[in-house]
Amino acid sequence: MPTLKIDNREINVPAGTKVIEAAERLGIMIPRFCFHPALGSVGACRVCAVAFTEGPVKGIQMSCMIDAQDGMVVSTTDAEAVDFRRHVIEFLMLNHPHDCPVCDEGGHCLLQDLTVAGGHGLRRYRGLKRTHINQDLGPLVQHEMNRCIQCYRCSRYYQEFTGYRDLGVMGIGSRVYFGRSAPGMLESPFAGNLIDICPTGVYTDKPSRYIGRRWDYQRQPSLCIHCSLGCNLTASARYRQVVRHEARPNLEVNGHFICDRGRYGYAYASIADRPRQAMAAGTPGPIVDILAGAREAIQQTVEKHGPGSVAVVVSPRSSLETLAVVKEACGQHGWTGPAAAHTNRQALNRNTAVSCLRPELAVSLAADTEAHDVLVIGADPLNEAPMLALSLRQVQRRGGHVIVIDPRGVQLPFDFDHWAVHPSAMGAILQALIQEIGGHRATAPDTPATFDITKLARRLNASPRPVVVCGTDILTPHEIALAGDLARALRRTHKVAGLFYTLAGANAFAAALLHDQPVSTEAVLDRIEDGGVRLLVAVEQDLWREFPDRKRLQAALKRLDHLVVLDYVDSPLNREAGHFIPTQPLYESGGHWINQEGRLQAASPVMAGGEPIEITGGSDHPPRVFDRRIPGDEPLAAWRAVAALAGEDEADPAPQLKTALADFHPAVNLSTPEATGQRIDLEAIAHDLVESGPAPEPAEDDAPADAVVLLLVDWTFGTEPLSAMAPALTRMEAAPVARLHPDEIARLGLAEGRPVTVSLNGNRLTVPVQADPRMAAGVMAVPRHHLLEWQVFGETRVIVKRSQLKAESE
Amino acid sequence: MSENKIKTDEKPLKPAESSGWSALKALVEGFATTAKHLARKPVTESYPEFKRQLPERSRARIVLTRDPDGRERCVACYLCSAVCPVSCISMQSAEQPDGRRYARWFRINFGRCIYCGLCEEACPTSAIQLTPDFENIQRDILTLVFEKKDLLVDGCGKDPSYNFYEHAGVTTDERGKGEHANEAPPVNVKSNLP
């Protein structure tokens, strides 16, 4: 622990800390361009020069390149050092173009700040400015190479940190160029971070290009709700429109970065067709009347058919506040639900994962990167939870090893072992692994010889820090529980072994705490079909888009006496509903979310709501007539609307929310502000949910040999319903295709590029076929793409016989 | 009380000064001055019958000027709205098909403007300028909210020559990379020559 003196203040730092970081701990911000806490030092920009007056190092040195050592005396204000830095800034500005007024970085530009701080105002150099040709880097990142100061942050981030190779450095001398070998879309789904890390305006945000200045934005800490990882971000809004997301550093969750799905998925909150008007049977009306009407309809149904005839479904994406108020309402009134998962399997999967996540095993996304060996089971990180892939990349960079056991053609931006095994074999492999780790010789399951379980068990046993990552989408509850058992078995031989589940929905963890007995929409539909449920309240759950059997859903909704929908996305159900109540997305309501490792996190409201000025002004200036009300300000926070439906007339819902949150679950304690940002009390969660749930569905063992398992899967872009509404991201997504192993295509008599029709129980799904040699045999992966009507089979994992597949001619 | 007594340095008047003569003298002098000024030409001007040409730098109604080649100068950089102490300027920047940044709408609320001229000082493109036209009075306050069409004038105003896009290295329909003032031709990154 070296002790050094910076600007006459002593500080003790861990060995290996750079002087620039030591100064930062004292609150002294030494100028920097190339140094970044996530990327480390290179000493390229020379602007962090400080004077070392005493100790092992003497003279002007780069503070990012020198490790803090005992006895060092550092001066950041030394006249020679200040002069050195001033000259470096002037030097970096030699070729910088005169375009700050039209540069989107202006206002939050590090180069701009340091130029002003260094006192450089007038260009003394008389020579010509170097210029560069820009490249089109796709719909997310705008390139302007003239502004570059050669700090190398972009190429280091892109190639070293994320592991992609298509953007890098070219040229020599003063002609150094950062870009792609040819213009084109950036391949990395983490490319948006280039915008954050570039200290000047070489990479700027393309969707928010020329929208405004940071000083004009309403900025608040927010969360990403496009997967379950709960990455932290800062949301910016302007003129009642969400315009930008930036990564918000949280070293316990997402580090310094976020993925592009999270960065650009915000458009749903401000698009023109976002419903903002309360409706009764499609007719607009004042929200107070509609709420009263809906409450009356609920009361009538309860009077006629009993409280159980009212059912509530809620989204695992909704805030903790909404879930708590919904739970309270159902508990108080005896309504059916709330259901916060689509199918029984999904509900059971989620609850199994949550119950298996013991506090001693849970690891955070950031702690993942410190693992030595990671075993990924039934998860496709890049597609399901992209930041997990970036986390795993760091494991590989630090010399760790990643093994993925998944039937899909999993791709990651680094070298890893992929065991493409059939879904039905997953359980056997896991069981064998657990036995081997426990020191017992396992009877090898029927898998190819390349998948050497003994070797894998030995590797995991020898690893100083193994982590098991497990998905909950394509697996069965049994396999999810086995992943937990595997982590426990590893913990018996290791002091540190981690378990990391990914879940479906940003608040799926909290949704799992709604009941001991998981309830699914599927179960609610059963009750509707047998006449038990007569009124359905759908809270921020767009069943139309997300329930995997649209035909059955529509038939069931027809049997209902009444449908009440509360949502912030446009859906045909909104107009069919007896009562529709518009709600606020998290940018307006704020709230708490619990991510997949059980971390409770808060998002602040960013703006007050109302129709964006872009829309009210018709892309021109704002209207010249003034009103006391903001147009389109009717949407309520979902918890307020639910409280209004469940509570008394005109009652203030705030105390109701307080008691609902207090009663939500003993593991979740919101009473102290310190609880936010921390993991909830996992010990307080019942760890026997698995046994109490309905029996697992039969495995695919009895399926005929020529059958394939059809998996409905996630893609990075295009499948997550909210982000799929963002115009920038729709340009990133690929067209939906069914992926199969090439041998499988031949075996089934299909042709690559040609559509295949899957007919099952009278439902049909037609989708083009694509060969993917990384896929397991006997598996067909179809994305839940918004351009594909995938909502046909009622399940996201189904067995399809050879006879049910038909190759289409075109 | 003695502290409350106002102290004055005035000496008591002499008998001659308080006499009738001195009073008469002052009266005559006063009338003489008045009579002299009655005969003189007035220094004030009768507004609005007479409208004087104000100095070029007087600060009144704000306009948006154009480049020498007639294009809009404003690049909607938001510096004027940021510096405005009364927040009377609002705008929305956007991109034109030719690559130029421009104000899709630009609004100044003259009901709020204090004509301090900070916007003109902050403007990096000489677009926003204050003119001597101070006759900007309306009965309806809303008519004092000027939109871009009301603000935009033909001509360069006080800066006859500046053209921002000649200097900024941004590609537009007129200039590509290396074609702006003081720019070298674009670098050939594929070259290995030193």
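**Close-up views of a predicted two-chain model**

Among contacts in chain B between residues at least 6 apart in sequence, 70% join residues at least 24 apart; two residues are in contact if their C-beta atoms, placed from the backbone, lie within 7 Å. This is a predicted model, in which local features need pLDDT of at least 70 and side-chain atom pairs count only at pLDDT 80 or more, while totals for chains, interfaces and linings use all residues. Residues are numbered from 1 along each chain as its sequence is written, and chains are lettered from A and ligands numbered from 1 in the order in which they are written.

**View 1. Chain B has five helices and six strands.** Helices (H or I, at least four residues) and strands (E, at least two) are DSSP runs, numbered from the N terminus. Along the sequence of chain B the order is α-β-α-β-β-α-β-β-α-α-β. Chain B is more spread out than a compact globule, because its radius of gyration is 30 Å, well over the 16 Å that the globule rule gives for 194 residues. The radius is taken over C-alpha atoms, and the rule is 2.2 Å times the number of residues to the power 0.38. Along the principal axes, the C-alpha atoms of chain B fill a box of roughly 105 × 50 × 35 Å. Of the 194 residues of chain B, 26% count as buried. A residue is buried if 20 or more other C-beta atoms lie within 10 Å of its own, exposed if 12 or fewer, and partly exposed in between, with C-beta atoms placed from the backbone.

**View 2. Chain A contributes 29 residues and chain B 30 residues to the contact.** On the chain A side, the largest share, three residues, comes from strand 6 (residues 129-131). The chain A residues that touch chain B comprise 10 nonpolar, 10 polar and nine charged. Here Ala, Val, Leu, Ile, Met, Phe, Trp, Tyr, Cys and Pro count as nonpolar, Asp, Glu, Lys and Arg as charged, and the others, Gly among them, as polar. Strand 6 of chain A pairs in the parallel sense with strand 6 (residues 183-186) of chain B over two bridges; strands pair if DSSP finds at least two bridges between them. Opposite A:Lys129 stands B:Glu183.

**View 3. Strand 1 (residues 3-6) of chain A has a covered and an uncovered face.** A:Leu4 and A:Ile6 lie on the covered face, A:Thr3 and A:Lys5 on the uncovered one. Strand 1 of chain A pairs with strand 2 (residues 9-12) of chain A in the antiparallel sense over four bridges, with A:Leu4 opposite A:Ile11. These strands form a hairpin with two residues between them, and A:Asp7 in the turn has a positive phi of about 50°. Strand 1 of chain A also runs parallel to strand 5 (residues 73-75) of chain A, joined by two bridges; A:Lys5 stands opposite A:Val73.

**View 4. Helix 12 (residues 386-397) of chain A has 12 residues.** From first C-alpha to last, helix 12 of chain A reaches 17 Å, close to the 16 Å expected at 1.5 Å a residue; the expected span is 1.5 Å times one less than the number of residues. Helix 12 of chain A is largely enclosed by the rest of the structure, because 10 of its 12 residues are buried. Among them are A:Met387, A:Leu390 and A:Arg393. The buried residues of helix 12 of chain A pack against elements of chain A including helix 6 (260-264), strand 18 (373-377) and strand 21 (466-470). A:Gly399, which follows helix 12 of chain A, has a positive phi, near 95°.
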